[in-house]
Amino acid sequence: MADYPHPVDIKVHQKSRFLDIAFDDGSHFSLPCEYLRVYSPSAETRGHSPASAKLERGKEMVSITRIEPVGQYAIKIHFDDGHNSGLYDWRYLYNLGKHHDELWQAYLEKLEAVGYQRKDPDLIPPTS
C-alpha cells in the first residue's frame, strides 16, 4: 500500500445519487453527488485562493453522468449540470470520505450564512 489508501471499487448509484468508494485500507464511503459537486477540486469551484472560492448552491439534485479514470491517480467526474473540470485524486477522495461530517456541516453553515435554504432531497445511502 502507498502512503495513502487507493480505491479498490467505485460505483455510482444513479437513483439515490451516491458514489460508493472502497479503499485498500478497508475504508468504505457513500458520498452524495451533491457533496462531491460542491467540494469539486476544480479551480472553478475552489478558486485560486480560499478567498476566491465559490459557494455552490442549488446542487441538491445533481447526478453523476460519467466517471473517467485519469492515469492511476484520479478520476474525472462528469455531473449532469455540465461541470467536469475537477480531478478527484485518491487522497482527495479519501479525505472527502473521512471528513464528510465536518465538511458537510461547514458547507451547511456557509449556506445558512448567506440565507440559502436547501431543498433537501431524501438522501439515503445505498444499502448494497
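A residue counts as buried when its relative accessible area is under 20%, and as exposed when that area is over 50%, with partly exposed residues in between. By this cut-off E56, at 3% relative accessibility, is buried. The structure described here is a predicted model. The mean pLDDT of the protein chain is 91, and 92% of its residues reach 70 or more.

An open sheet is formed by three strands in the order β1-β2-β3, with antiparallel pairing. Because β1 and β3 (28–32) stand at the edges and have a single partner strand each, one side of each lacks a neighbour in the sheet. On average, and with direction ignored, neighbouring strands of this sheet are turned by 15° against each other. Strands of a sheet pair through backbone hydrogen bonds. Between β1 and β2, which run antiparallel, there are six bridges. V12 has L19 in β2 as its bridge partner, and D9 is partnered by A22, also in β2.

The hairpin of β1 and β2 has four residues between the strands. R17 is placed in the loop that runs between β1 (7–13) and β2 (18–23). The phi of R17 is near 60°, a positive value in a residue other than glycine. R17 also counts as buried, because its relative accessibility is 13%.

**Helix α3**

Helix α3 packs on the sheet and touches β1, β2 and β3. The direction of α3 makes about 85° with that of β3. Within α3 (residues 90–98), the buried residues are W90, Y92, L93, Y94, L96 and G97. The N-terminal end of the helix is capped by D89, which has a side-chain oxygen 3.2 Å from the backbone nitrogen of R91.

**Salt bridges**

Side chains of opposite charge can pair when their charged atoms come close. A search of the whole structure finds eight salt bridges.

| Pair | N to O distance |
|---|---|
| R91 and D3 | 3.5 Å |
| R37 and E56 | 3.3 Å |
| E68 and R66 | 3.4 Å |

R91 and D3 meet through their side chains in a salt bridge. Since R91 lies in helix α3 and D3 in the segment before β1, this pair ties together parts that are 88 residues apart in sequence. R91 is partly exposed, with a relative accessible area of 41%, whereas D3 counts as exposed at 66%.

What separation in sequence is bridged by R37 and E56? The salt bridge between R37 and E56 ties together parts that are 19 residues apart, because R37 lies in helix α1 (residues 33–38) and E56 in the loop between α2 and β4 (64–70). R37 is buried, with a relative accessible area of 3%, and E56 is buried at 3% relative accessibility. A network of salt bridges links R37, K54, E56, K59 and D81.

The salt bridge of E68 with R66 involves two partly exposed residues: E68 has a relative accessibility of 29%, and R66 has a relative accessible area of 45%.

Notes
Residues numbered from 1 in each chain as written. Predicted model: local features only at pLDDT ≥ 70, side-chain atom pairs only at ≥ 80, totals over all residues. Heavy atoms only, no water. Buried < 20%, exposed > 50% of the residue type's maximum accessible area, 1.4 Å probe, protein only. Helix = DSSP H or I, 4+ residues; strand = E, 2+ residues; numbered from the N terminus. Polar contact = N/O pair within 3.5 Å; in protein donor to acceptor, adjacent residues only side chain to side chain. pLDDT = per-residue confidence, 0-100. Pairing = 2+ DSSP bridges. Axes fitted to C-alpha atoms, helices over the stretch in contact; angles between N-to-C directions. Contact = heavy atoms within 4.5 Å. Salt bridge = Lys/Arg side-chain N within 4 Å of Asp/Glu carboxyl O.
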